[in-house]
Amino acid sequence: MDYSDYQILSQLRHNVISKMKVFVDINNERFFSDYELSQLSKIEVSFLTKNSISRHGLTTNLDKSKKISPSNCKVRLNRKLFEKKYFLYAEFVLYHEYVHCLGNFSHDKNFRQLENLWPNIREMNTFGRQLTRELQETK
């Protein structure tokens with residue numbers, strides 16, 4: 001990974017964590033604590049292999065004998081997310097992976113509730129379907 005990749009991923013991480021800071025419930029209580037957000041900022045984020053044609057992002061549990069947590073995971077993202085038209089979607093994908101890293105490994109009801117906090121979630125789903133089609137067309 002070169003310096004420009006590092007800069008792009010750092011900016012993405014900053015954008016996502018900044019948005020997560022303002023997610024509040026009906027009582028104006030934050031969903032994510034400063035501690036959780038600081039832990040997320042330490043997670044290794046890199047790229048999927050170049051020939052990935054189905055995944056947008058992937059969270060890996062580093063030690064399978066332990067529960068997934070910010071100190072026990074890494075995140076990889078599809079390089080295609082960094083095309084200009086997908087950059088906002090890239091933020092959502094990293095957020096999705098961060099929700100996994102916070103201990104929500106399966107896509108259950110709780111996970112979907114947290115995922116739906118993201119702004120413009122329907123638009124993100126549309127971008128996701130479009131990216132999936134593009135990736136499959138490059139087979």
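A residue is called buried when its relative accessible area is under 20%. By that criterion, buried residues account for 45% of the 139 residues in the protein chain of this predicted model. The chain contains five helices and three strands, arranged from the N terminus in the order α-α-β-β-β-α-α-α. Its radius of gyration is 15 Å, close to the 14 Å given by the globule rule for 139 residues, so the protein chain is as compact as a globular protein of that length.

**Overall dimensions and contacts**
- The C-alpha trace spans about 45 × 35 × 30 Å along its principal axes.
- Of the contacts between residues at least 6 apart in sequence, 64% join residues at least 24 apart.

**Surface and charge**
- The protein chain exposes about 8,300 Å², and carbon and sulfur atoms supply 50% of that area.
- The chain carries 22 positive and 16 negative charges, whose mean positions lie 4 Å apart.

**Aromatic residues**
- Ten aromatic pairs are found in a search of the whole structure.
- In the pair formed by phenylalanine 23 and tyrosine 95, the ring centres are 5.7 Å apart and the planes stand at 85°, so the pair is edge-to-face.
- This pair links distant parts of the chain, its two residues being 72 residues apart: phenylalanine 23 lies in the loop between helix H1 (3-20) and helix H2 (34-40), and tyrosine 95 lies in helix H3 (residues 87-101).
- Both phenylalanine 23 and tyrosine 95 are buried.
- One aromatic cluster is formed by Phe23, Phe32, Tyr89, Phe92, Tyr95 and Trp118.

Definitions and conventions. Residues numbered from 1 in each chain as written. Predicted model: local features only at pLDDT ≥ 70, side-chain atom pairs only at ≥ 80, totals over all residues. Heavy atoms only, no water. Helix = DSSP H or I, 4+ residues; strand = E, 2+ residues; numbered from the N terminus. Rg over C-alpha atoms; globule rule 2.2 N^0.38 Å. Buried < 20%, exposed > 50% of the residue type's maximum accessible area, 1.4 Å probe, protein only. Contact = heavy atoms within 4.5 Å. Areas by Shrake-Rupley, 256 points an atom, 1.4 Å probe, with all protein chains shown as cover. Lys, Arg positive; Asp, Glu negative; His and termini not counted. Charge placed at Lys NZ, Arg CZ, Asp CG, Glu CD. Phe/Tyr/Trp six-rings, centres within 6.5 Å; stacked < 30°, edge-to-face > 60°.
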